[in-house]
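Look at the chain below, then read on.

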Amino acid sequence: CVRACVCARVCGCPKGGGASTPAGLKEDSTQQENQRFHFDLWFLLTLQNWILDFGRPIIILPLEWFPLNKPSAGDYFHMAYNVITPFLMLKLIERSPRPLPRSAIYLCIITFVMGASIHLVGDSINHRLILSGYQLHLSVRENPIIKDLKPATLIDSFELLYYYDEHLGHLMWYIPFFIILFIYFTGCFTKAEKHKKIPISGWLLLGPSSLYYWYLVTEGQITELFLLTFLAMVVMAIHQKRKGLGLDSNGLFLFYSFSFTVLLVGLWVVYLWEDPVLRNKYPGLIYVPEPWSYYTLHIKKNH
């Protein structure tokens, strides 16, 4: 021990060996590893988002192939999404180069799973109503198959189902989803220039990732939540830049994905700006129609 201390003083090393200890070297190695681009996690997230969420109603086996009183293949894919997505997000958080608030993350994951499960039930019933003539571009009470129901209190029950599906379920699903992404984003800042570049694999994933977020924002009717998250990311990036820190490859990938999503949502709104039917269904200051409403109004009825 005495000899080690003498050697440390002669060589100018910190007492006890400092960062040259195996534990210190291992910590530095782990931090550098976590600052690399996480292609595997971003790829899996994008792939399962496209298949289990975006593609669930159109790619999976048609709903008509299954009894209407039993879960369909799409419902089972939704169940898989409710398990796989929070797992991948937890793995993403684990790879953050900086320690993040674990309690907040766990609470968000629990709320996320509950909200996505509420949406699973409402969405499953909603798709069965479409087979019976339900029109997504109309409100619940304006739908021909709903407004003539007897007794009239049944309409209230369908409005409650719509509230669970399109409002409460979405809020409990998406609010924690974006909070987790933002928490992860806060740990994606570094001084090392070599970590501030997106690899080619990241650029290839950027398009599919942004397109999925466009679907998430428009179909989930969460434009305000998305814009607030994006604004918080911009403010965080400006604040960290003043401290001499820049986004690493993972932070840049997330930031660019959200930036392209803003552009896509803007183009979508401009394209449908003069649509009178969708304007009637989506009143208010922020007008962002749902893709499935557009589908039932302009595509399905023409085939």
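At roughly what angle do the axes of helix H3 and helix H8 cross? The axes of H3 (residues 39–54) and H8 (residues 200–220) cross at roughly 35° and come within 10 Å. Helices here are DSSP runs (H or I, at least four residues), strands are E runs of at least two, and both are numbered from the N terminus. Axes are lines fitted to C-alpha atoms, for helices over the stretch in contact, and angles run from 0 to 180 degrees between N-to-C directions.

This is a predicted model, in which local features need pLDDT of at least 70, side-chain atom pairs count only at pLDDT 80 or more, and totals for chains, interfaces and linings use all residues. Residues are numbered from 1 along each chain as its sequence is written, and side-chain values use heavy atoms, leaving out hydrogens and water.

**The H3 and H8 pair**

The crossing of H3 and H8 is left-handed (the near helix is turned anticlockwise from the far one by less than a right angle). On the H3 side, the residues that meet H8 include Phe39, Trp42 and Thr46. On the H8 side, Leu205, Pro208 and Tyr212 are among them. Contact means heavy atoms within 4.5 Å. By class, the contact of H3 with H8 has 11 nonpolar, 4 polar and 1 charged residues. Ala, Val, Leu, Ile, Met, Phe, Trp, Tyr, Cys and Pro count as nonpolar, Asp, Glu, Lys and Arg as charged, and the others, Gly among them, as polar.

**Two residues of H3**

Threonine 46 lies in H3. Threonine 46 counts as buried because its relative accessible area is 9% (buried means under 20%, with a 1.4 Å probe and protein chains only). Leaving aside neighbours within four places in sequence, threonine 46 touches Leu205, Pro208 and Ser209. Its side chain also reaches the backbone oxygen of tryptophan 42 at 2.8 Å.

| Pair | Apart in sequence | C-alpha to C-alpha |
|---|---|---|
| Threonine 46 and tyrosine 212 | 166 residues | 7.7 Å |
| Leucine 52 and asparagine 82 | 30 residues | 9.3 Å |

**A record to compare**

An unreviewed UniProt entry lists residues 171–189 and 198–216 among its "transmembrane region" spans. Residues 198–216 are 89% helix and 0% strand, with end C-alpha atoms 24 Å apart.

Technical notes:
UniProt positions renumbered as here; feature names shortened; annotations may be inferred. Buried < 20%, exposed > 50% of the residue type's maximum accessible area, 1.4 Å probe, protein only. Polar contact = N/O pair within 3.5 Å; in protein donor to acceptor, adjacent residues only side chain to side chain.
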